[in-house]
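Colleague: I am new to this structure. Please take me through one part of it in detail, the sheet and what surrounds it.

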Amino acid sequence: TTPSIRQRLAKLNPRQQEAARYIDGPCLVLAGAGSGKTSVITTKIAYLIQECGMSARKIAAVTFTNKAAREMKERVGEMLQGREGYGLTVSTFHTLGLNIIRGELKTLGYKPGFSLFDPEDAKALLRDLMQKEADTDAEQINAVQGQISQWKNDLVLPGQAISHAADEDAQYAARVYEAYSRHLKAYNAVDFDDLILLPVVLLRDNPDALARWQRKIQYMLVDEYQDTNVSQYQLVKLLMAERATFTVVGDDDQSIYAWRGARPENLVTLGEDFPRLNVIKLEQNYRSTGTILRAANTLIGNNPHVYEKTLWSEMGQGDAIRVIVNRHEEAEAERVASEILTRRIKERAEWRDFAVLYRGNFQARLLELKLQHYQIPYKLSGGTSFFSRNEIKDAMAYLRLLINPGDDNAFLRIVNVPRREVGPGTLEKLANYATERQVSLFAACHEIGLEQVLPTRAVERLSRFTHFIDGVRRRMDQGDAIAAIRDMLREMDYEAWLFQNASAPTIAERRMANVWTLVDQLEKSMHRDDEDGDASEETDDVQSAISRLVLRDILEQQAEEDDSDRVQLLTMHASKGLEFPHVYLMGLEEELLPHRNAVEAGTIEEERRLAYVGITRARRTLTLTLARQRKAYGELLDCTPSRFLEELPPDDLEWEGRADKEDPEKKQARGKDAIAGLRSLLG
Ligand code: ATP
Ligand code: MG
């Protein structure tokens with residue numbers, strides 16, 4: 001039977017218990033990695049429901065990544081019984097924002113069935129707008145997109161940006177920002193940053209809406225608080241207001257999203273905004289061995305600190321930290337893969353006990369090849385996700401166009417997929433016409449005036465397409481929306497198109513299977529709790545379900561949840577909050593970790609925090625690897641070991657492959673070891 005909440009509380013240390021039971025005012029748990037901050041949040045949710053009798057639907061817990069939200073949800077789920085957790089929100093900030101927008105569409109002035117633009121869509125729109133003024137390149141577009149995103153995260157609205165613009169470039173960006181916002185609104189679309197910005201502006205300016213959401217959410221818990229940006233913090237503050245019924249937990253040493261607008265100083269602001277704030281510090285680490293913890297503490301000791309923290313552990317000293325120097329990047333990947341293979345046997349571990357962390361997704365490519373070579377099952381987080389596959393993008397574009405005919409990006413993506421013989425010339429004339437008439441491309445296809453600018457044949461082809469879509473939409477409205485979508489895919493014979501375009505039939509089959517998976521996923525999310533964490537029962541309309549899918553896409557989550565036994569491959573950024581018995585950190589080289597851009601920009605401290613996050617994911621063993629040479633920009637470059645290696649306690653490190661310190665006998669022994677391990681595995 002599941003332990004009672006009292007038994008659960010009894011397992012926590014006194015400081016954790018205090019944090020979990022404190023409900024009389026605002027509460028901040030400020031503590032280092034692995035000290036049980038997330039455990040406090042999950043236990044507290046159960047405490048609020050089971051001891052304080054609070055309804056689960058009035059509680060919202062938020063964190064930063066889907067993976068973290070999913071884990072948290074799982075941990076809470078284990079503590080709750082029956083319908084106790086019904087209506088509980090455990091989600092990312094962005095999902096919470098999406099839910100608020102969905103509930104307030106009218107107040108916000110949007111029509112039902114709004115589109116969520118992913119960063120690629122947003123970029124396409126920016127390109128159009130910027131190209132109108134002058135020729136622009138990708139770099140300029142990226143810069144403007146980054147600037148707009150920063151403004152949005154800082155709650156700077158389109159009209160205000162100009163007064164924040166310091167130089168000409170920023171003034172230009174401010175003008176584009178205004179046009180961009182107008183166009184988004186005209187398309188009935190929002191972008192990723194709007195998911196936080198719009199709710200904040202709404203709650204700030206509309207007392208009725210504020211009252212509604214304050215009634216709805218009575219207690220909030222925020223994990224990884226150090227990575228909130230200005231607008232996320234405002235969202236929490238507005239929702240909680242004077243009641244100040246919230247618990248936030250964080251670690252300033254793990255702030256790694258400054259580049260995305262995170263404001264670690266929100267920790268200080270919190271104390272100023274809520275003078276009654278109860279600050280609780282935790283000092284015992286329950287995750288890692290003494291050696292791993294000492295390495296983490298020593299490393300982060302090189303950063304200046306607002307709050308001094310000392311972490312200790314009772315897990316024993318454990319193994320030394322190994323540092324493996326490899327000839328080149330391929331040897332590094334080979335080494336990590338073959339080690340996992342042998343270690344799994346030696347340590348009686350499972351695949352899922354291993355995680356390989358790296359600075360950038362590109363580092364995973366070679367590793368993937370090696371893992372495949374040894375037939376080691378692995379799961380790559382981020383990188384090429386399900387949603388970045390072409391067939392999924394096509395299918396998503398159909399879904400988006402179905403719920404919002406004004407979505408021009410979606411229209412352009414699929415008007416000719418499968419082939420409908422609509423040429424680029426036709427599309428250009430259509431676009432000009434639509435711009436002139438200030439209507440969407442889809443709407444333009446229906447207008448009589450189009451016949452003046454396009455030959456009859458072209459108009460016919462376009463209207464055949466729009467009628468087809470309109471027909472599907474009618475069927476969706478009349479009855480079973482999912483059945484209508486399935487019929488649509490069959491009627492237009494998307495499968496045949498895939499077969500025409502794939503190099504092998506098996507590939508086409510797999511692609512089609514992916515599309516059906518997407519539709520299944522959509523169906524599921526309409527009928528039951530959604531993995532994103534929101535368990536509200538209002539998810540039964542297809543429009544919301546599609547918006548949610550688009551959001552997941554942006555958050556780079558795989559469609560199928562896959563908790564099977566696999567080695568985890570992820571960036572250090574994505575690893576936050578997670579833990580694994582055996583961790584490999586790859587690429588401990590200057591220019592990689594710390595990253596070259598950070599070296600140039602002088603943001604080494606953030607890189608050090610990133611390394612700290614990586615190290616503190618490990619429970620039992622930690623292996624650091626680096627290469628002496630690495631290919632970059634088509635050249636083979638010599639690498640310098642990361643400065644962070646020098647900042648670790650030298651006595652706790654066991655080097656291998658360092659030219660001056662190599663012990664040949666040891667090396668040979670290890671080689672035999674690995675071969676023996678392999679043999680026994682292969683039987
Ligand atoms: P991070 O900063 O990395 O997010 P955290 O502070 O959130 O870490 P948790 O993930 O909550 O830490 O806890 C780390 C590990 O310690 C988990 O395996 C958790 O189950 C365990 N743990 C937490 N508190 C206790 C406790 N009082 N007794 C035993 N184990 C605990
Ligand atoms: Mg945590």
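**The sheet and its surroundings**

Modeller: Start with a helix on the sheet. Helix H13 (residues 230–240) lies across strand S6 (219–222) and strand S7 (246–250). H13 runs at about 160 degrees to S6. This is a predicted model.

Now the sheet itself. Six strands form an open sheet. Their order is S3-S2-S6-S7-S1-S8, and the pairing is parallel. The edge strands are S3 (89–92) and S8 (278–282), each of which pairs on one side only. Neighbouring strands of this sheet are turned against each other by 15 degrees on average, with direction ignored.

Strand S1 (residues 27–31) pairs with S8 in the parallel sense, over five bridges. To find the pairing by residue, take Leu28: its bridge partner in S8 is Val279.

An unreviewed UniProt entry annotates residues 10–289 as "domain: UvrD-like helicase ATP-binding". The span is 54% helix and 13% strand.

The shell around ligand 1 holds 19 residues, and Gly36, Lys37, Thr38, Ser39 and Tyr286 come nearest. Helix H3 (residues 37–50) gives the largest share of that shell, three residues. By type, the shell around ligand 1 has four nonpolar, 10 polar and five charged residues.

Helix H15 (residues 290–300) packs with helix H29 (residues 604–615) at an angle of about 170 degrees. Their axes are 9 Å apart. Angles over 145 degrees count as roughly antiparallel, so H15 is roughly antiparallel to H29. On the H15 side, the contact is made by Ile292, Ala295, Ala296, Leu299 and Ile300. On the H29 side, Arg608, Ala611, Tyr612 and Ile615 make the contact. The residues of this contact divide into eight nonpolar, no polar and one charged.

Terms used. Residues numbered from 1 in each chain as written. Chains lettered and ligands numbered in written order. Predicted model: local features only at pLDDT ≥ 70, side-chain atom pairs only at ≥ 80, totals over all residues. UniProt positions renumbered as here; feature names shortened; annotations may be inferred. Helix = DSSP H or I, 4+ residues; strand = E, 2+ residues; numbered from the N terminus. Near = placed C-beta within 6 Å. Nonpolar A, V, L, I, M, F, W, Y, C, P; charged D, E, K, R; others polar. Pairing = 2+ DSSP bridges. Axes fitted to C-alpha atoms, helices over the stretch in contact; angles between N-to-C directions. Contact = placed C-beta atoms within 7 Å. Parallel < 35°, antiparallel > 145°, perpendicular 65-115°, else oblique.
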